[in-house]
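Have a look at the sequence and the structure first.

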Amino acid sequence: MNYGIDLWGNNNFLIEEGVVKVNHGNKPSLLEITEKIKATDLKGPIILRFPFLIQKQINTLYNTFQKAIKENHYKGKFNAVFPLKVNQYPQVVESIIKCGKDFNYGLEAGSKAELIIAMAITPIGSPITVNGFKDNEMITIGCIAAQMGHNITLTIEGIGELKSIIEIANTTSLKVPNIGIRIRLHHQGESYWSKSSGMDAKFGLTTPELFEAIDLLHKNDYFKYFTMLHFHAGSQIESIKPLKKALREVGNVYAELKKMGAKQLTKINIGGGLAVEYAQHPNKRLINYSLEEFSNDVVFMLKEVMDNKGVEHPDIYTESGRFIVASHAVLVAPVLELFSQDYQEKLLQLKDTNPPLIEELINLNSSLTKKNNIEYLHDALDHLESLLTLFDLGYIDLRDRSNAEILVHQIIKKALYVSKDDETPSLDLETMQVKMQERYLINSSFFQSIPDYWGLKQHFPIMPLDKLDKKPLRAACLWDITCDSDGEISFNPDAPLYLHDVDLNNEEYYLGFFNVGAYQETLGMKHNLFEHPSECTVEFNDIDYEITHIKESNNMFSIIESIGYDSAQIMTTLKNNIAFSQLIREEDISETLQTLEIFLYQNGYLRTTHQETDS
Ligand SMILES: *Cc1c(COP(=O)(O)O)cnc(C)c1O
């Protein structure tokens, strides 16, 4: 069982000796890294960041495009910016800038706050592009960035924004930034997010508006600032065909504009959209193209259009974000509980004389073998049904019912176990597995950590960090710790997730959620006041690795403050209530206060594990 790592893993991780290892440097296992962090007494879920994977993606993007440029004898250059909305976390953006330095990799901003980050962090000279709706303040900030010496392009999404740029530039002494124009294409992408393109798209200028814009630029002598034509076909473009159509369209618009005298226009920005494979099962594969194919298509198509119209090849800009950062982050979350552990054999309390059907179950349980397992399984289920009816009618008591449930669970587990090496498991057993799903309680909030699962039913690869040399037998349904029934990843027979039967009294069991580095972190919701999990960066040197930037998830005080409570006042109230409570002795009062205070300074995730509750 390799959990589809060959589909989604991109050779970033590998399974060896029963554990999943980082395929880099000294190849530590994710379990080892997790245990090192846990030794610092950090509890709850944690995001492990691997900057080497950001480096890998940036290198791949540039090298592949540069190769396509060379092979197609294309005359323009390749450039790229990282769209901040995909992940604005400082550890991530710092890594991006560091990894992209040699390529002059820049940043894209879609809001005022993102623009401020871009201005402060982008090296002078590397490109900054600004998309999205802009007010006068945002345009002024863009002019200030230009004044600082930034290579900044404000992409206008509508005529109003162009008017504002001209007005602001005319009334201040600030430098005029480069102007980009986003065009509305008639070709539409085919992904969830393809509302970004097409005639009814939220963004971009229609053809008549484009003429209006050209007119405005001419009249105000601003044509010289118009340098970039922009489009964005939507995120996670899983099929390349619509993109090709869009490229042809945008290429023709570019060539026409050049012929209309847009001298400084030298760049086509093709937006983002490079897809990431999230599938764990071959039947769920999402992407039908490679980066090689993508870059060749872009370069070839633009070359063809330009050559046909006798126009110089433009420089190509991309704003791919998901492709750059999705793989760098792994969410590791401990399993807190397996619900069928309630049915342990040791909890049986058989009577001196049991109802005959219970005796039958005892018999089936002790004599089940590989040969008779299906037959016995059927018998056991029939018996259980009869026993439950007998209970409803008052013929057996609650103790008998508990014994029956335990025995049947044991029989199912045994039946699964004895047939675990079967090449083709019987249909009955498969159905049984699905019916007898194990529910795993995960110390994490799906709303916070994989919001696109909740919002869009997007799948993320999931696998345990160890036991990978043992066949997992339990059909798994995952529950998060929010009090919301939507915080559940149910078992899907069409793309099944099987996990191991573990005894959490004796061992930890961690699940890794992979490819969670794009969009999830700031999209995450504080449902039930579970906040961004703890995070850290794993950096490799020549011989070893180092865990740096460990940042624990916010404590309860800051969580309640973040939604507007006055935490000092809350503390005072709690203190007073304790003082006036029935606790009489001074030491008891102060001890209770201390306990409470310790708890309030911990992060909001669950802390106790089985080992600790049992001892
Ligand atoms: C969101 C966005 C991107 C990034 O898209 P990815 O699918 O993450 O590559 C790029 N450009 C624009 C204008 C965007 O809105």
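## Around the ligand

The shell around the ligand is made up of three nonpolar, nine polar and four charged residues. In this predicted model, 16 residues surround the ligand, and K85, S235, E319, G321 and Y519 are the closest.

The side chain of S235 places an N or O atom 2.4 Å from a ligand oxygen. From the backbone, an N or O atom of G321 lies 2.8 Å from an oxygen of the ligand, and for R322 the corresponding backbone distance is 2.9 Å. The protein buries 93% of the 390 Å² that the ligand exposes when taken alone.

## Domains

The domain assignment gives domain 1 as 50-325 and domain 2 as 557-614. Taken over C-alpha atoms, the centres of domain 1 and domain 2 are 50 Å apart.

## Salt bridges

The model has 29 salt bridges. One of them joins E438 and R474, with the closest N and O atoms 3.4 Å apart. E438 belongs to strand β13 (residues 438-442) and R474 to strand β15 (residues 474-479), so this pair ties together parts 36 residues apart in sequence. Both E438 and R474 are buried.

K21 and E17 also meet through their side chains, at 2.6 Å from N to O. K21 is buried at 11% relative accessibility, whereas E17 is exposed at 66%. A network of salt bridges links E16, E17 and K21.

In the salt bridge between D41 and K43, the N to O distance is 3.9 Å. Here D41 is partly exposed at 45% relative accessibility, and K43 is buried at 10%.

Note on methods:
Residues are numbered from 1 along each chain as its sequence is written. This is a predicted model: local features need pLDDT of at least 70, side-chain atom pairs count only at pLDDT 80 or more; totals for chains, interfaces and linings use all residues. Side-chain values use heavy atoms; hydrogens and water are left out. A residue is near a molecule or strand if one of its heavy atoms lies within 4 Å of it. A polar contact is a pair of N or O atoms within 3.5 Å; within protein, one must be able to donate a hydrogen and the other to accept it, and residues adjacent in sequence count only if both atoms are side-chain atoms. Accessible areas come from the Shrake-Rupley method with a 1.4 Å probe; for residues, only the protein chains shown count as cover. Ala, Val, Leu, Ile, Met, Phe, Trp, Tyr, Cys and Pro count as nonpolar, Asp, Glu, Lys and Arg as charged, and the others, Gly among them, as polar. Domain bounds come from an automatic or database domain assignment. A salt bridge is a side-chain nitrogen of Lys or Arg within 4 Å of a carboxyl oxygen of Asp or Glu. Buried means under 20% relative accessible area, exposed over 50%, partly exposed in between (1.4 Å probe, protein chains only). Helices (H or I, at least four residues) and strands (E, at least two) are DSSP runs, numbered from the N terminus.
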